Amino acid sequence: MIIMKFGGTSVEDARAMKNVIDIVERERNRTPVVVVSAISGATNTLLSAAELALQGKIEEAVTSLNTLYERHVLILENLIDTRSTVQMLILDTRRRIDELKHLCQSIAVLGELTKRSLDAIASVGERLSSLIIVEGMKERGLPAELVDARKVIITDDQFTSAMPLFNYIEDTAKATIQPLLENKKIVVTQGFIGSTTKGITSTLGRGGSDYSAAILGSVLNAEEIQIWTDVDGVLTADPRIAPAAKKLKILSFKEASELAYFGARVLHPSTILPAVKKNIPVVVLNSQRPNASGTQIVANPPRSNVAVKAIASKKGITVINIQSMRMLMAYGFLESIFSVFGKHKTPVDLVCTSEVAVSLTIDNTSRLDQVVAGLEEFAEVTVYEQKAIVCIVGEQMHSTAGVADRIFRALSDINAMMISQGASEINMSLVINEQDVNEAVKRLHAEFFEPVPEMALFETIGEV
Ligand code: ADP
Ligand code: ASP
Ligand code: MG
């Protein structure tokens, strides 16, 4: 069986949904499980409606929910011909939007918005889109069956960024999805959403539908995980920053996970791990150009002579500089630092150390004050905000001379606060000011990919 995940722009309107149905129909002999996102922009609209309600702007919240309702009605009316199905879907959509309005009203009255409520609200996007697409498939004559992801993707209760509980999911997926596949059904389910062991709706974090696809692929032993999106595959850089970006035909799990982690939005950072564990290839494809070959992400791609494969960047980074003379010749100092981050559940991305100082970066600042207070018990702490990471990735980088020189020449007048040659030896990361990041990516892209070093590995966007 295969997993086919369709992102927000792939289901943004009736035309896009028809496309999705065509693509799934082509693959129907491979036993697809279809994972769908909310229609593009829906999750943002839902979360901002909740925020508006919290600020007491209930009318604005209701207006944006009404617009969302109308977008769904327009899609389903243009996708589905059978009048009774259209009526049923309109009623269902109305009911869910009305529930949301009530929820927004209570948020406004109570003046409280918990992460748990945010997940309940955000989940409606995927629940609405999946409802429409499954009916569209049935009308096409496909044996589609909707499975509520909340019955399958069981998570912990860290609402808004819940972690999947694989022990449970192995069983739930086998109990709910496997029998349908054995009966030749095409299973359609929602990305992004799940539920706790107590049955409370949770989400895997923004962009989490990719992760849902990988989790299902792993527990169902898929032969392939397809991520259908709005670009040709994994590109040499974010095309919105470097318009000359080229598509990579193939890259390794390691390269893809570094890129995803350091900001290439095309894949959610956790996507690759379940695929790696079971060695399932991930293919990133363009739903607007389904005949293009996409990018293959595999364990061991053929060796190439190209040192740098892609550049990623991530804004909103905070640097914490920790200084202490006590560190000199002492042991246990790093342990005390990391135990503060551990205690406050704050992940650290990059670390650089000297004899008396440690610099590190975080992107989750929700507990920054507590972290700083904890560190100040034994060190001097300085915090620098509005920084960015630029990350240059390629498996042959460590064995190619001159890459660092090219990076620093390209960025000669851009100040780098931290430089880290990743321990995995496949990336080099620089911390720079946020306002310099687009310029840095453009220059690095020009240096390494314009013109592209080896056309066997890359493809111009738009080629079939
Ligand atoms: P979806 O809704 O299908 O999940 P996303 O918007 O989450 O799509 O991800 C696709 C977007 O990721 C692209 O439109 C592109 O702008 C952005 N992106 C950033 N870096 C890269 C990269 N290296 N390769 C491809 N796309 C990238
Ligand atoms: N709809 C969710 C989001 O916008 C999940 C996803 O699209 O992957 O974050
Ligand atoms: Mg995405």
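Trainee: What should helix α3 span, going by 1.5 Å a residue?
Mentor: This is a predicted model. Helix α3 has 22 residues, 58–79, so at 1.5 Å a residue the span should be 32 Å. The end C-alpha atoms are 32 Å apart, which agrees.

Trainee: Which residues of α3 are buried?
Mentor: They are A61, S64, L65, L68, Y69, H72, V73, I75, L76 and L79.

Trainee: And what do the buried residues of α3 pack against?
Mentor: Against four helices: α1 (14–26), α2 (42–54), α4 (83–110) and α5 (115–139).

Trainee: Switching to ligand 1. Which residues come nearest?
Mentor: T229, D230, L235, R240 and R265, out of 17 residues around ligand 1. The shell divides into eight nonpolar, four polar and five charged residues.

Trainee: Which polar side-chain atom lies 2.5 Å from an oxygen atom of ligand 1?
Mentor: One belonging to R265. The side chain of K5 also has an N or O atom 3.1 Å from a ligand 1 oxygen, and for the side chain of D238 the distance is 3.4 Å. The protein covers 89% of the 570 Å² of accessible area that ligand 1 has on its own.

Trainee: Now ligand 2. What is around that one?
Mentor: S37, T43, E126, F192, R206, G207, G208 and S209. By type, that shell is one nonpolar, five polar and two charged.

Trainee: Where does the backbone come in?
Mentor: At S209, where a backbone N or O atom lies 3.0 Å from an oxygen atom of ligand 2, and at G208, with a backbone N or O atom at 3.4 Å. R206 uses a side-chain N or O atom, 2.7 Å from a ligand 2 oxygen. The protein covers 85% of the 260 Å² of accessible area that ligand 2 has on its own.

Note on methods. Residues numbered from 1 in each chain as written. Chains lettered and ligands numbered in written order. Predicted model: local features only at pLDDT ≥ 70, side-chain atom pairs only at ≥ 80, totals over all residues. Heavy atoms only, no water. Helix = DSSP H or I, 4+ residues; strand = E, 2+ residues; numbered from the N terminus. Expected span 1.5 Å × (residues − 1). Buried < 20%, exposed > 50% of the residue type's maximum accessible area, 1.4 Å probe, protein only. Contact = heavy atoms within 4.5 Å. Near = heavy atom within 4 Å. Polar contact = N/O pair within 3.5 Å; in protein donor to acceptor, adjacent residues only side chain to side chain. Areas by Shrake-Rupley, 256 points an atom, 1.4 Å probe, with all protein chains shown as cover. Nonpolar A, V, L, I, M, F, W, Y, C, P; charged D, E, K, R; others polar.
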